[in-house]
Amino acid sequence: MATMGQLWTNTGSSLATLMFIYTIFKQFFPHFGGHLEPYLHRLFGRFYPYIQITFHEYSGEHFKRSEAYLGIQSYLSKDSSARAKKLKANTTKGSKSLVLSMDDKEEITDDFEGVRVWWQSKKEGTTRQPFSFYPAADEKRFYMLRFHRRDREVIIERYLEHVMREGKTIELKNRERKLYSNTPEQSHGNQTKWSHVTFEHPATFDTLAMEENKKEELKSDLIKFSKSKDYYKKIGKAWKRGYLLFGPPGTGKSTMIAAMANFLEYDVYDLELTTVKDNTHLRRLLIETSAKSIIVIEDIDCSLNLTGQRKKKEEEEEDGDDKKTIEKKMMKNEGENKESKVTLSGLLNFIDGLWSACGGERIIVFTTNFVDKLDPALIRKGRMDKHIEMSYCCFEAFKVLAKNYLDVEESELFEEIKRLLEVEEIKMTPADVGENLLPKSEKEGAETCLKRLIEALKEEKEEAKRKVEEEAKEKKEEEEEKQRKKEKKAEKEKKKMIEENGEEDRQV
Ligand SMILES: Nc1ncnc2c1ncn2[C@@H]1O[C@H](COP(=O)(O)OP(=O)(O)OP(=O)(O)O)[C@@H](O)[C@H]1O
Ligand SMILES: [Mg+2]
């Protein structure tokens with residue numbers, strides 16, 4: 001079979017040479033044998049069993065590189081870098097690293113479903129200026145795909161689609177990811193638009209301190225989502241998923257979002273609701289987001305008064321600490337909040353209205369310190385599919401931090417830390433644990449940092465005890481005050497009654 005193939009190739013090359021000689025000949029004798037041409041082409045086609053397809057770098061009138069060419073370039077980059085002898089290195093706009101592709105006139109083979117194809121990188125129209133260092137303006141590059149005509153069906157129906165799909169995936173992997181925000185400084189007219197910087201957050205699931213099984217569950221949930229395009233289509237749902245991250249400040253909600261984005265290689269859109277003018281503006285921002293992205297709304301409970309009267313009423317009954325944090329965050333947003341007319345229904349529409357299905361493959365994340373404050377409509381399953389609690393540091397999470405910060409996986413001090421976290425149930429956020437573990441100077445060793453953490457945990461325990469005592473004292477004083485007031489009132493009423501009775505007696 002190989003020799004047959006060889007024979008065909010040889011026959012093909014001889015015919016190609018013949019055609020080439022004929023073309024040159026025609027240049028000098030343009031009027032000679034014009035009528036022979038169609039016959040020669042037919043003859044060439046009969047004996048040459050290969051089909052060729054060309055993909056030009058620039059096609060049509062647009063001065064934009066063709067998507068097919070770029071897709072093929074990415075697809076071939078993985079094979080070319082390993083197999084081609086002459087390579088070209090390019091930096092493409094928005095790409096985080098060099099793209100290696102095969103140089104002109106190089107050829108590589110590719111196998112697909114038992115079929116072999118040949119790819120060649122070519123250029124034509126090389127009328128170079130004799131002393132120019134720059135490529136000639138009319139130099140046109142293209143890829144040429146060659147395959148046997150018996151494989152036409154496989155190539156046209158499946159292979160080309162496979163090349164484009166794989167090429168897109170490689171392109172996406174190689175692209176520089178972005179962090180978008182809708183800051184008011186970037187407003188155009190009176191509407192804020194997305195502006196972006198390169199997303200370079202170093203957080204990963206490996207560095208994230210939380211229970212291992214929770215981490216694994218979330219990772220497999222994300223993988224399942226990113227591979228479920230067909231499934232979402234089958235069940236008739238837009239390809240998106242909502243996560244609600246809740247927990248006290250410093251427990252890693254924002255860090256988790258960065259880890260998710262790095263894990264899936266998605267862009268991040270950090271949506272500041274307070275600077276969004278109204279529901280229409282919100283919808284426009286949504287349409288401008290791209291696929292493979294995470295849309296984040298941080299501190300959703302403080303961004304807007306989304307829950308209306310219900311929330312206000314509940315806040316009045318709030319205990320001290322919660323109320324203070326909400327007030328602080330509300331005050332931070334107050335200035336920007338004045339003009340925003342985004343409503344709860346506008347936000348719900350943003351999450352799962354018809355527009356939200358445009359583009360697909362999006363994750364929406366809300367974070368909050370107080371999950372109970374949110375309107376149930378906003379976080380019901382289907383809208384926020386997964387609710388994840390980020391909590392105080394447990395021993396397992398501490399071990400991740402110790403490994404990250406100190407490169408320590410075992411120490412005799414671990415026992416004490418385990419006891420403090422698990423038996424004494426001391427509450428400390430991963431942010432505070434990390435702060436204590438961070439060496440303050442080059443001289444500080446792991447043991448010093450672990451001891452500092454133990455001290456801090458004990459102090460935290462004392463502090464918590466003091467707080468409980470103080471609260472009990474305050475409550476007792478409040479009760480006593482209430483009791484005093486009650487007694488005073490009763491005494492007043494008694495006095496009044498006596499006075500009234502005395503008056504009546506006098507009148508009688
Ligand atoms: N679970 C965690 N794993 C690793 N690092 C953490 C974790 N939680 C907090 N940190 C560290 O603490 C810092 C603050 O955490 P982060 O900003 O993620 O908290 P947050 O929950 O978003 O807080 P807030 O509610 O105030 O927004 C981070 O820079 C990170 O280094
Ligand atoms: Mg945060």
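Me: A crossing is left-handed if the near helix is turned anticlockwise from the far one by less than a right angle, and right-handed if clockwise. Which is it for α14 and α16?

Reply: The crossing of α14 and α16 is right-handed. This is a predicted model, where local features need pLDDT of at least 70, side-chain atom pairs count only at pLDDT 80 or more, and totals for chains, interfaces and linings use all residues. Residues count from 1 along each chain as its sequence is written, while chains are lettered from A and ligands numbered from 1 in the order written.

Me: What angle do α14 and α16 pack at?

Reply: About 35 degrees, with the axes of α14 (residues 395-406) and α16 10 Å apart. Axes are lines fitted to C-alpha atoms, for helices over the stretch in contact, and angles run from 0 to 180 degrees between N-to-C directions. Helices (H or I, at least four residues) and strands (E, at least two) are DSSP runs, numbered from the N terminus.

Me: Which residues meet there?

Reply: From α14, Ala397, Phe398, Leu401, Ala402, Tyr405 and Leu406; from α16, Pro430, Val433, Gly434 and Leu437. Contact takes C-beta atoms, placed from the backbone, within 7 Å. The classes are 9 nonpolar, 1 polar and no charged, with Gly counted as polar and Ala, Val, Leu, Phe, Tyr and Pro among the nonpolar.

Me: New topic: how many residues surround ligand 1?

Reply: 15, and the closest are Ala209, Pro249, Gly252, Pro430 and Ala431. Being near means a C-beta within 6 Å. Helices α7 (253-264) and α16 (430-437) each give at least two residues to the shell, and the shell's classes are 7 nonpolar, 7 polar and 1 charged.

Me: Why does ligand 1 lie between two domains?

Reply: Because domain 3 (178-389) and domain 4 (395-462) both give residues to its shell. Those bounds come from an automatic or database assignment.

Me: And the sheet with β1, what's the strand order?

Reply: β1-β6-β5-β4, an open sheet of 4 strands with antiparallel pairing; strands pair if DSSP finds at least two bridges between them. β1 (50-56) and β4 (107-112) are the edge strands, each pairing on one side only. The twist averages 25 degrees from one strand to the next. Between β1 and β6 (residues 140-148) there are 7 bridges, and phenylalanine 55 has tyrosine 143 in β6 as its bridge partner.

Me: Which helix packs on that sheet?

Reply: α4 (residues 152-174), touching β1, β4, β5 (115-124) and β6, with its direction at about 70 degrees to that of β5.

Me: What does β7 pair with?

Reply: β7 (residues 178-181) runs antiparallel to β10 (residues 195-198) over 4 bridges, with serine 181 opposite serine 195. With β12 (residues 267-270), β7 pairs in the parallel sense over 3 bridges, and tyrosine 180 stands opposite tyrosine 269.

Notes. Contact = placed C-beta atoms within 7 Å.
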